[in-house]
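Keep the structure open while reading.

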Amino acid sequence: MTDTETATAPAVPTDRTAAPKPSSIKMTARDVNVFYGQTHAIKDVSIDVDLENVTAFIGPSGCGKSTFLRTLNRMNDTIAIAKVTGDITLDGEDVYAPEMDVVQLRARVGMVFQKPNPFPKSIFENVAYGPRIHGLAASKQALEQIVEQSLKRAGLWEEVKDRLSDSGTALSGGQQQRLCIARAIAVDPEVILMDEPCSALDPIATAKIEELIHALRGKYAIVIVTHNMQQAARVSQKTAFFHLGNLVEYGETSEIFTNPHEERTKDYITGRYG
Ligand SMILES: Nc1ncnc2c1ncn2[C@@H]1O[C@H](COP(=O)(O)OP(=O)(O)OP(=O)(O)O)[C@@H](O)[C@H]1O
Ligand SMILES: [Mg+2]
């Protein structure tokens, strides 16, 4: 537990993000199972990820949130003992089809990790790298424009525009995390997966990331894993509660937090375990 976590049920979200919008389905998972050797980490999980609504994954440590998140862009491929079964689609396309270009997939379904991980390169290069290798910029000017726009969208431009050649690792933790978000945005993704993106940040940096999630909502499908119940209530419109590898309950965030159908969900959000 970090000190941002809480053992009490969060207030009902009342801000502008509370109401889910009618949304198109961006990704689907059907009967997904994940095994690490003998460990059955994800059990028959089926879920739809919306484009216009932010989805929060919550649940106690070890319940499989990160594992399931990684199935969505095949990051589990990088773990030798991980085996994934079931179906996952992105705009109806089979993510696990043999002909799927995984590098391309991870650009379309970007990921932001718990610990900010900028490359040991300049701020500019951190953002320019992806567009360059994916051939998204026809000229130097076009590349500069992508970098500027991505940094603006990530809410970092004003803080770094005069020091683009400084190392990305020289930024503060919160700035580094926004740089990583800019890096994900720069390749024009369709989905952004965030695995506890604020757990290493102070409340001010956290608020900035949450603002950013509001601003990006609808432009990208966003899934965020969080241990912070208030954060889930503030940033998401849909919440999925995982427990011991099962998806116990999935629904509107306001419903999950005020009127959960499952006893296990109620116990978790009221802090009876976690
Ligand atoms: N690389 C791995 N190799 C073997 N087992 C793993 C690996 N990653 C996760 N596991 C196991 O899979 C299960 C789910 O882990 P996962 O990291 O997905 O949980 P989590 O919900 O993200 O937890 P936390 O909230 O602590 O981040 C756990 O039993 C964990 O030990
Ligand atoms: Mg995790």
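## Helix α3

In helix α3 (residues 123–133), the buried residues are Ile123, Asn126, Val127, Ala128, Gly130 and Pro131. The model is a predicted one.

Look just past the end of α3. There, Gly135 has a positive phi of about 65°.

## Helix α7

Helix α7 covers residues 203–216. Its 14 residues, at 1.5 Å a residue, should span 20 Å. The end C-alpha atoms are 20 Å apart, so expectation and model agree.

Which residues of α7 are buried? They are Thr206, Ile209, Leu212 and Ile213. Viewed down the axis of α7, these buried residues fall within an arc of 120°, so they line one face of the helix. The other side of α7 carries exposed residues: Pro203, Ile204, Glu211 and Ala215.

## What covers α7

The cover over the buried residues of α7 includes both strands and helices. The strands are β3 (54–58) and β8 (221–225). The helices are α6 (173–186) and α8 (229–235).

Just after α7 comes Gly218, with a positive phi of about 95°.

## The open sheet

Four strands form an open sheet in the order β2-β1-β4-β5. The pairing is antiparallel. At the edges stand β2 (39–50) and β5 (93–94). Each has a single partner strand, so one side of each is left without a neighbour in the sheet. Strands of a sheet pair through backbone hydrogen bonds.

Strand β4 (residues 82–90) pairs with β5 in the antiparallel sense, over 2 bridges. What is the bridge partner of Leu90 in β5? It is Glu93.

## Around ligand 1

How many residues surround ligand 1? The shell holds 13. The closest are Tyr36, Ser61, Lys65, Ser66 and Thr67.

Helix α1 (65–71) gives the largest share of this shell, with 3 residues. Strand β2 and helix α1 each supply at least two residues.

## The annotated span

An unreviewed UniProt entry places the feature "domain: ABC transporter" at residues 27–269. In the model, the end C-alpha atoms of residues 27–269 lie 26 Å apart. The span is 37% helix and 27% strand.

Definitions and conventions. Residues numbered from 1 in each chain as written. Chains lettered and ligands numbered in written order. Predicted model: local features only at pLDDT ≥ 70, side-chain atom pairs only at ≥ 80, totals over all residues. Expected span 1.5 Å × (residues − 1). Buried ≥ 20, exposed ≤ 12 C-beta atoms within 10 Å, placed from the backbone. Arc of directions from axis to C-beta. Contact = placed C-beta atoms within 7 Å. UniProt positions renumbered as here; feature names shortened; annotations may be inferred. Pairing = 2+ DSSP bridges. Near = placed C-beta within 6 Å.
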